[in-house]
Amino acid sequence: IDCKPRIDYSKTKIAFISNRTGRWEVYSMNIDGSSIIQLTTTGVSGGQSNGGPGGIDWTPDGKLIYINANKIYKMNSDGSGVSEIATAPNYYWSEVRCSPRGDKIIVQNQGDWGYTLKAYLMNIDGTNMTLFLDDLAGVQFLGDFSIDGLRFLYSYDVSGHEESSGQSFDDQIMSKNVYGTDEINLSGNKPSGTN
């Protein structure tokens with residue numbers, strides 16, 4: 001299974017995660033699908049209880065940020081220069097998004113089950129970690145930074161529904177200032193109770 005593709009800022013490379021070796025690893029390829037290269041060999045497991053893949057994203061300067069369980073790593077686009085940048089405050093990391101400004105990342109932290117999700121904002125080097133999205137009732141999904149890097153999009157089930165199937169009933173898209181203020185519901189015209 002190949003999944004979680006992310007295109008780089010130059011629009012020449014795609015990073016993705018695959019379990020083609022029997023374990024989730026980060027790969028890259030040219031935009032046309034040629035020159036597939038395996039970049040990691042230590043695994044990139046996310047916080048999912050089923051051992052699913054962690055998250056990846058490109059920095060504007062062509063490096064990759066990726067998750068393996070409770071650690072966040074940064075590496076060069078060829079897989080060299082791997083360095084750890086942060087450890088989860090509890091349990092596991094599951095998704096990561098890099099700001100187009102190259103200065104911040106937002107990382108989702110998964111708790112003891114799939115609905116226990118928080119998101120943390122931190123500097124690209126892992127310093128100054130602060131809570132950005134608290135554990136909301138219902139499932140939440142990370143979107144992306146705005147083009148100027150000042151806002152962040154995410155969605156969550158505003159009905160607050162939580163059950164083991166993971167079903168949601170009223171997902172809505174939200175936009176929040178990176179500095180934690182001015183949250184806007186962008187799904188205001190969507191009929192309630194629909195996805």
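Ser18 stands opposite Glu25, a residue of strand β3. The structure is a predicted model, in which local features require pLDDT of at least 70 and side-chain atom pairs count only at pLDDT 80 or more, while totals for chains, interfaces and linings use all residues. Residues are numbered from 1 along each chain as its sequence is written, and side-chain values use heavy atoms, with hydrogens and water left out.

Strands (E, at least two residues) are DSSP runs, numbered from the N terminus. Two strands pair if DSSP finds at least two bridges between them. Strands of a sheet pair through backbone hydrogen bonds, either parallel or antiparallel.

**The four-stranded sheet.** An open sheet of 4 strands is arranged in the order β1-β2-β3-β4, with antiparallel pairing. Its edge strands are β1 and β4 (37–38), each of which pairs on one side only. Within this sheet, β2 and β3 are among the antiparallel pairs listed below.

| Strand pair | Sense | Bridges |
|---|---|---|
| β2 and β3 (residues 25–30) | antiparallel | 6 bridges |
| β9 (residues 92–98) and β10 | antiparallel | 6 bridges |
| β10 and β11 (residues 117–123) | antiparallel | 7 bridges |

**Thr12.** The loop between β1 (2–7) and β2 (13–18) holds Thr12. Thr12 counts as partly exposed because its relative accessibility is 41%; the class lies between buried (under 20% relative accessible area) and exposed (over 50%), with a 1.4 Å probe and protein chains only. Beyond its neighbours within four places in sequence, Thr12 is in contact (heavy atoms within 4.5 Å) with Met29, Asn30 and Ile31. For Ile31, the separation from Thr12 is 19 residues in sequence and 5.1 Å in space, C-alpha to C-alpha. The side chains of Thr12 and Ser10 make a polar contact at 2.8 Å. A polar contact is a pair of N or O atoms within 3.5 Å; within protein, one must be able to donate a hydrogen and the other to accept it, and residues adjacent in sequence count only if both atoms are side-chain atoms.

**Strand β10.** All 7 of the 7 residues of β10 (residues 104–110) are buried, so this strand is largely enclosed by the rest of the structure. Burial extends to both faces: Lys104, Ile106, Gln108 and Gln110 lie on one side, and Ile105, Val107 and Asn109 on the other. With β9, strand β10 forms a hairpin that has 5 residues between the two strands, and Gly102 in the turn has a positive phi of about 80 degrees. Arg97 stands opposite Ile106 of β10, whereas Gln110 has Leu117 in β11 as its bridge partner.
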